[in-house]
Protein chains: 2
Amino acid sequence: MTPTTTPHSDRPLSTAEIVAVGTELLTPFRSDTNSLFLTAGLNELGIVVRRKSIVGDDGEDLAAAVRSALARVDLVVICGGLGPTEDDLTRETVAGVLERPLREDAAIVERLRARFARRGWEMPENNRRQARVPAGAVVLDNPRGTAPGLWLEHDGRVVVLLPGPPRELEPMFTGLIEGRLAARATGERLYRRVLRVAGRGESHVEERAQPVYERWRRADPAVETTVLASPGLVELHLSTRAGSASAAAAVLDGAAGELAEALGEHLFSADGRSLPEVVGALLARDGLRVAVGESCTGGLVTARLVDVPGSSGYVEAGVVAYSNAVKQAALGVPGAVIEAHGAVSEPVALAMAAGARRVGDADLGVGVTGVAGPGGGTDAKPVGTVCIAVVGPGGAESATTVRLPGDRAAIRGQAARVALDLLRRSLLRSGGELAGLRRG
Amino acid sequence: MTPTTTPHSDRPLSTAEIVAVGTELLTPFRSDTNSLFLTAGLNELGIVVRRKSIVGDDGEDLAAAVRSALARVDLVVICGGLGPTEDDLTRETVAGVLERPLREDAAIVERLRARFARRGWEMPENNRRQARVPAGAVVLDNPRGTAPGLWLEHDGRVVVLLPGPPRELEPMFTGLIEGRLAARATGERLYRRVLRVAGRGESHVEERAQPVYERWRRADPAVETTVLASPGLVELHLSTRAGSASAAAAVLDGAAGELAEALGEHLFSADGRSLPEVVGALLARDGLRVAVGESCTGGLVTARLVDVPGSSGYVEAGVVAYSNAVKQAALGVPGAVIEAHGAVSEPVALAMAAGARRVGDADLGVGVTGVAGPGGGTDAKPVGTVCIAVVGPGGAESATTVRLPGDRAAIRGQAARVALDLLRRSLLRSGGELAGLRRG
């Protein structure tokens with residue numbers, strides 16, 4: 001069967017499909033993550049991904065996917081199936097669909113032999129398969145593996161073959177593909193900005209933000225907004241298609257500025273930074289050090305803070321105190337406070353925060369105590385009840401009680417987020433004045 | 001265009017395609033996770049997933065995907081696009097492909113009205129769209145949302161429409177779809193067993209395991225093995241297709257038993273349990289309590305232990321001590337030990353473990369100190385160097401130093417895994433004798 005597409009060479013590339021190949025991607029245990037990386041790169045070049053497909057190591061299924069993609073889009077990116085075994089059918093299948101003969105490329109064989117020789121091995125005969133190249137293809141060197149990539153043009157369309165492992169695919173895309181695609185793209189690129197909001201739900205954020213982003217949707221260039229909500233976090237993804245970074249920045253800055261005003265202190269990041277990064281930057285700005293005392297979150301608040309490179313400059317200590325005995329012994333929570341208010345209470349959260357601050361000889365202390373479930377809930381304090389406190393120098397303190405939905409993992413994750421957000425708000429409100437009171 | 005499939009009703013369902021619908025799934029920010037859940041459920045029924053597709057909110061693209069899937073497989077599961085807005089095109093598109101008229105279902109309208117009324121709201125007129133049903137469809141009630149699912153039969157094939165949100169889709173699949181599919185499946189099911197190995201790399205595990213699983217591949221019923229490796233963890237997924245659970249158990253038990261023997265104490269789980277679950281069960285078995293002192297892992301070891309429900313019974317305390325001052329103050333690490341050996345050393349890890357054990361008044365202490373990077377590495381102790389120690393009653397102790405590859409997050413994750421594994425091996429080797437020495 002001859003391809004039914006009509007020739008129209010050098011048309012700009014504006015639409016793409018991504019085809020992932022591998023029977024393991026059709027099991028419950030593996031998902032295709034390459035397409036997220038590739039989509040980000042393609043979108044930046046103004047190329048929209050119209051469809052993604054995942055097929056097994058099956059020549060017929062792969063051929064059908066490639067054929068139908070070629071009928072729909074300008075660019076087909078195929079990932080995987082370039083290994084040396086008989087299961088790896090991508091080269092042969094694409095050559096068949098495009099009706100190109102396969103020839104062994106002597107230069108690739110030489111590079112493969114040299115690669116094996118550097119490790120003191122002889123090249124297995126199998127690997128010769130990886131040197132087979134459809135006529136007219138550009139070979140893309142793979143410095144991190146044995147499978148070279150391939151770039152083919154066909155009736156004005158482009159087909160790119162890349163190896164499946166992300167650590168091979170990613171540098172090849174960035175180093176060898178992106179530039180070639182840019183030369184063939186429309187010239188307009190997609191620019192993005194991510195705004196993050198904590199402590200308010202999706203509908204609250206929508207209510208405040210919608211009038212703003214409706215207005216910017218009609219700007220020129222237009223700003224598109226996507227709202228992504230997960231428990232305790234709402235993200236506004238702004239994007240605009242523009243001919244230059246400065247034209248994009250002008251509208252994105254305008255839209256982000258108005259959204260920041262509408263959302264007030266609930267907006268914690270307008271530059272893509274995460275909550276622990278923002279908290280860390282505030283601590284570093286003010287030269288303050290923090291210590292954490294946790295019960296139900298079991299170390300998660302500390303772990304999130306410590307995830308950030310450079311956090312050893314401001315995270316002093318973290319204490320996980322599950323039992324009442326350890327709350328008393330390690331954090332100095334008075335037994336009488338536990339008895340009077342219960343282990344899950346704001347006074348205990350405050351005492352844990354004060355204890356952590358003392359143990360770590362820190363400027364600020366954070367305390368978290370709650371019922372993460374599945375057991376341990378009561379009528380007065382059901383599963384999901386979490387008390388959170390922040391204690392600072394000069395007697396500054398704030399505490400809050402929240403009821404969080406979901407299972408144990410969800411409750412713990414949200415509680416950690418609320419704790420980090422309370423710390424952020426405390427640092428914001430102090431406006432640097434806590435710094436004047438900090439410990440030597 | 002009339003469908004070109006030939007009628008052949010009541011043939012058993014053995015192959016499936018999954019189509020995910022939603023433009024947000026074609027951005028770099030969201031991936032389709034429903035298909036992993038659905039694949040697990042379908043595989044259990046002996047139904048193989050042959051292809052997965054992701055299309056945007058575009059009627060033409062969706063129609064093409066459904067049409068080509070119907071030409072290839074017995075079952076098409078379509079997720080998403082059942083909402084009340086104009087973007088939600090799945091009902092209309094599928095009705096068009098199958099050439100069925102759409103009618104409003106009065107019972108669905110009634111349920112939707114009642115659902116809104118329970119919240120004190122009036123049903124928006126938009127939601128009537130969700131009551132439109134292709135002729136001949138079975139309506140599947142959605143207790144967690146407004147979008148009902150649909151089950152359609154067409155020329156012996158089955159098309160299922162499910163809402164996109166996992167918390168709606170998952171109970172609907174389990175409660176309403178699985179039984180219907182089982183009645184139409186081949187009668188053979190896929191049974192799985194997962195074996196997990198810590199502390200040994202993929203090639204080591206392959207070398208020991210391959211002779212065993214090669215043998216079982218030729219058994220009747222055959223056992224297929226997939227090896228999945230991630231940093232610090234190797235999983236062997238065994239599966240067999242059998243007519244009954246007992247027939248499957250016979251071969252899976254046999255294969256798992258031989259693999260357990262070949263892998264020795266490196267195998268930590270043959271029943272799907274995670275490392276923290278296995279460690280927790282050993283601690284609970286022996287009535288022992290643990291406390292953790294961590295530096296570079298920043299609370300991750302404690303957080304992993306505490307992830308397990310019921311862990312408050314054996315996790316006593318966790319202390320994150322970053323600076324040398326806090327290592328001394330909170331964990332009682334002697335300054336002289338730090339000076340003599342450096343903060344990243346086995347003697348300091350042992351002293352941290354002993355300190356955590358003392359602070360938590362626990363039976364066992366775990367200590368972790370290392371260089372997670374990106375800064376802080378030296379020639380003698382490069383980034384990735386981590387020292388880990390376990391201290392038990394009666395002077396029992398063990399310590400190890402590892403060099404872990406990857407970035408900060410990868411190093412911390414692997415270090416936590418090595419620490420949990422060292423704790424597991426200590427508990428195994430003691431064979432319960434530590435229990436005799438435990439603290440009151």
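The model is predicted, so local features need pLDDT of at least 70 and side-chain atom pairs count only at pLDDT 80 or more, whereas totals for chains, interfaces and linings use all residues. Residues are numbered from 1 along each chain as its sequence is written, and chains are lettered from A, with ligands numbered from 1, in the order in which they are written. Helices (H or I, at least four residues) and strands (E, at least two) are DSSP runs numbered from the N terminus.

In the interface, 51 residues of chain A are in contact with 51 residues of chain B; contact requires C-beta atoms, placed from the backbone, to lie within 7 Å. On the side of chain A that touches chain B, at least two residues each come from helix 1 (34–44), strand 2 (48–55), helix 2, strand 10 (223–230), helix 9 (300–306), strand 14, helix 10 and helix 13. The residues of this side comprise 26 nonpolar, 16 polar and nine charged. Here Ala, Val, Leu, Ile, Met, Phe, Trp, Tyr, Cys and Pro count as nonpolar, Asp, Glu, Lys and Arg as charged, and the others, Gly among them, as polar.

An open sheet of 10 strands has the order 17(A)-16(A)-15(A)-13(A)-14(A)-14(B)-13(B)-15(B)-16(B)-17(B), with mixed pairing. Two strands are taken to pair if DSSP finds at least two bridges between them. Strand 17 (397–403) of chain A and strand 17 (397–403) of chain B stand at the edges with a single partner strand each, so one side of each has no neighbour in the sheet. On average, neighbouring strands of this sheet are turned by 10° against each other, direction ignored. Strand 14 of chain A and strand 14 of chain B are antiparallel and pair over five bridges; Ala317(A) has Ala321(B) as its bridge partner in strand 14 of chain B. Within chain B, strand 13 (residues 290–294) and strand 14 (residues 315–321) run parallel and are joined by five bridges, with Glu294(B) partnered by Val320(B). Seven of the seven residues of strand 14 of chain B are buried, a residue being buried if 20 or more other C-beta atoms lie within 10 Å of its own, exposed if 12 or fewer, and partly exposed in between, with C-beta atoms placed from the backbone. Helix 10 (residues 324–331) of chain A lies across strand 13 (290–294) and strand 14 (315–321) of chain A and strand 14 of chain B, and runs at about 150° to strand 14 of chain A. Axes are lines fitted to C-alpha atoms, for helices over the stretch in contact, and angles run from 0 to 180 degrees between N-to-C directions.

In chain A, the axes of helix 8 (residues 275–286) and helix 13 (residues 408–430) come within 10 Å and cross at roughly 30°. Helix 8 and helix 13 of chain A are therefore roughly parallel to each other (angles under 35 degrees count as roughly parallel, over 145 as roughly antiparallel, 65 to 115 as roughly perpendicular and the rest as oblique). The contact residues include Leu275(A), Val279(A) and Leu282(A) of helix 8 of chain A, and Leu420(A), Arg424(A) and Leu427(A) of helix 13 of chain A. This contact of helix 8 with helix 13 of chain A has nine nonpolar, no polar and four charged residues.

Helix 3 (residues 90–97) of chain A has six of its eight residues buried, namely Thr90(A), Arg91(A), Thr93(A), Val94(A), Ala95(A) and Val97(A). Among the elements of chain A covering these residues are strand 1 (15–21), helix 2 (59–72) and strand 8 (157–162).

In chain B, Leu89(B) occupies the loop between strand 3 (75–79) and helix 3 (90–97). Leu89(B) is buried, with 22 other C-beta atoms within 10 Å. Beyond its neighbours within four places in sequence, Leu89(B) contacts Asp57(B), Gly59(B), Leu62(B) and Gly81(B).

Strand 6 (residues 138–140) and strand 7 (residues 149–154) of chain B pair in the antiparallel sense over three bridges. Strand 7 and strand 8 (residues 157–162) of chain B run antiparallel and are joined by five bridges, Leu150(B) being partnered by Leu161(B). Strand 7 and strand 8 of chain B form a hairpin with two residues between them, and Asp155(B) in the turn has a positive phi of about 55°.

Notes
Contact = placed C-beta atoms within 7 Å.
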